[in-house]
Amino acid sequence: MAASEGVLLGMGNPLLDISAVVDEAFLTKYDIQLNNAILAEEKHLPMYDELASKSNVEYIAGGATQNSIRVAQWMLQTPGATSYMGCIGKDKFGEEMKKNAQAAGVTAHYYEDETAPTGTCAVCVVGGERSLIANLSAANCYKSEHLKRPENWALVEKAKYIYIAGFFLTVSPDSIQLVAEHAAANNKVFLMNLSAPFICEFFRDAQEKVLPYVDYIFGNETEAKIFAKVRGWETENIDEIALKISQLPLASGKQKRIAVITQGADPVVVAEDGKVKTFPVILLPKEKLVDTNGAGDAFVGGFLSQLVQEKSIEECVRAGCYAANVIIQRPGCTYPEKPDFN
């Protein structure tokens, strides 16, 4: 079945990725780790200009949720099947973002902040692995008032599937709560992502409050281990952790939760109905790896593209692996004109 218009909605932090290949000395200088995602502190601010001055720098529309929505839209190839909300600034980067969403076929309703510049994310690549440092700026200014406007709430009403990365918990937990409760009351599918170790560690309360509403929770093995650790689960076994996450309490009206944990080149773990299944990923020779930036987002996007068509979990995971495989062979979360998935 073809995806209906606006079937999938995403809400998150729209960021412009400033991506460049750097060296170990650069990582040390700014005190950053590979395969991590953090929010920028004072000490990181000079880094953005330094990246921008590199000859190999690229500017790519990013932000975790927006990446996933764009990839789902690309996989679906039905214009307007997806929509997205987040906050940008009234500036050149903001205009780029609008153009990019439009070109991708995503219906984007951005809240435009008068004072803050469009958010950016430094993507530091070493040996194909990435470190992300987000300077949210305008993305941090999203307000639930924007969500409640009739023309924007209409996107929520229209959607049958709603995806929000955990990163948005630091910005507008009340917006997340509104949408989560709407999904529960209207028998819609609500999906979230653990997103980063710092979310699991320092935004645990906000995460805890919304989890009962979550039908599908995504994450990677590092995030899953931190999630377990802060809860004192005393296990680093991903199968066990996925199972426990899937069995956390549900809000009334919710039937079950499915936990989907990716592990880079290792199999994807899916916990559902008290059972764990694993699915191998498509292995890529190291020389074909450009960068892992957007791999997890792309996995979710591919997964969502089949879920909204009511395909089996096996098909959803297969599409997720396909999309991630495409994205890691290109800089940032970018893709060719048409998918080759069947």
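**Close-up 1. The lining of the second largest pocket in this predicted model.** The residues that line the second largest pocket divide into five nonpolar, three polar and four charged, where Ala, Val, Leu, Ile, Met, Phe, Trp, Tyr, Cys and Pro count as nonpolar, Asp, Glu, Lys and Arg as charged, and the others, Gly among them, as polar. This lining is made up of Ala-183, Ala-184, Asn-187, Lys-188, Val-189, Asp-215, Tyr-216, Gly-253, Lys-254, Gln-255, Lys-256 and Ile-258, and the pocket has a volume of about 230 Å³. On a 1 Å grid over the protein atoms alone, a pocket is an open set of points with protein on both sides within 12 Å along at least five of seven lines, a cavity is a set where a 1.4 Å probe fits but cannot get out, and lining residues have an atom within 4 Å of a point. Grid points are joined across faces, edges and corners, and a volume is the space filled by probe spheres set on the points. The model is predicted, with pLDDT of at least 70 needed for local features and 80 or more for side-chain atom pairs, whereas totals for chains, interfaces and linings use all residues. Residues are numbered from 1 along each chain as its sequence is written, and side-chain values use heavy atoms, with hydrogens and water left out.

**Close-up 2. The largest cavity and its lining.** The structure holds one cavity of 30 Å³ or more, and about 40 Å³ of space lies in the largest cavity. Its lining consists of Gly-166, Leu-169, Met-192, Asn-193, Leu-194, Gln-207, Val-210, Leu-211 and Ile-217, with strand 10 (189-193) and helix 9 (204-210) as the elements that give two or more residues to it. By class, the lining of the largest cavity holds six nonpolar, three polar and no charged residues. Helices (H or I, at least four residues) and strands (E, at least two) are DSSP runs, numbered from the N terminus.

**Close-up 3. Gln-207 in helix 9.** Gln-207 lies in helix 9 and counts as buried because its relative accessibility is 4%, buried being under 20% relative accessible area (1.4 Å probe, protein chains only). Leaving aside neighbours within four places in sequence, Gln-207 is in contact (heavy atoms within 4.5 Å) with Leu-169, Leu-194, Ile-199, Cys-200, Phe-227 and Arg-231.

**Close-up 4. Met-192 and the largest nonpolar core.** A nonpolar core is a set of buried Ala, Val, Leu, Ile, Met, Phe, Trp, Tyr and Cys residues joined through side-chain atoms within 4.5 Å. Of the 58 residues in the largest such core, Tyr-142, Ile-164, Phe-190 and Met-192 touch the most other members, and helix 7 (residues 173-185) gives the most to this core, with five residues. Not counting residues up to four places away in sequence, Met-192 touches several residues, including Tyr-163, Leu-169, Ile-176, Val-214 and Phe-218.

**Close-up 5. Strand 2 between its pairing partners.** Six of the seven residues of strand 2 (residues 15-21) are buried. Strand 2 runs antiparallel to strand 4 (residues 58-62), to which five bridges join it, and it pairs in the parallel sense with strand 7 (residues 120-126) over six bridges; two strands pair if DSSP finds at least two bridges between them. Asp-17 has Ile-60 as its bridge partner in strand 4, while Leu-16 has Thr-120 in strand 7.

Note on methods:
Buried means under 20% relative accessible area, exposed over 50%, partly exposed in between (1.4 Å probe, protein chains only).
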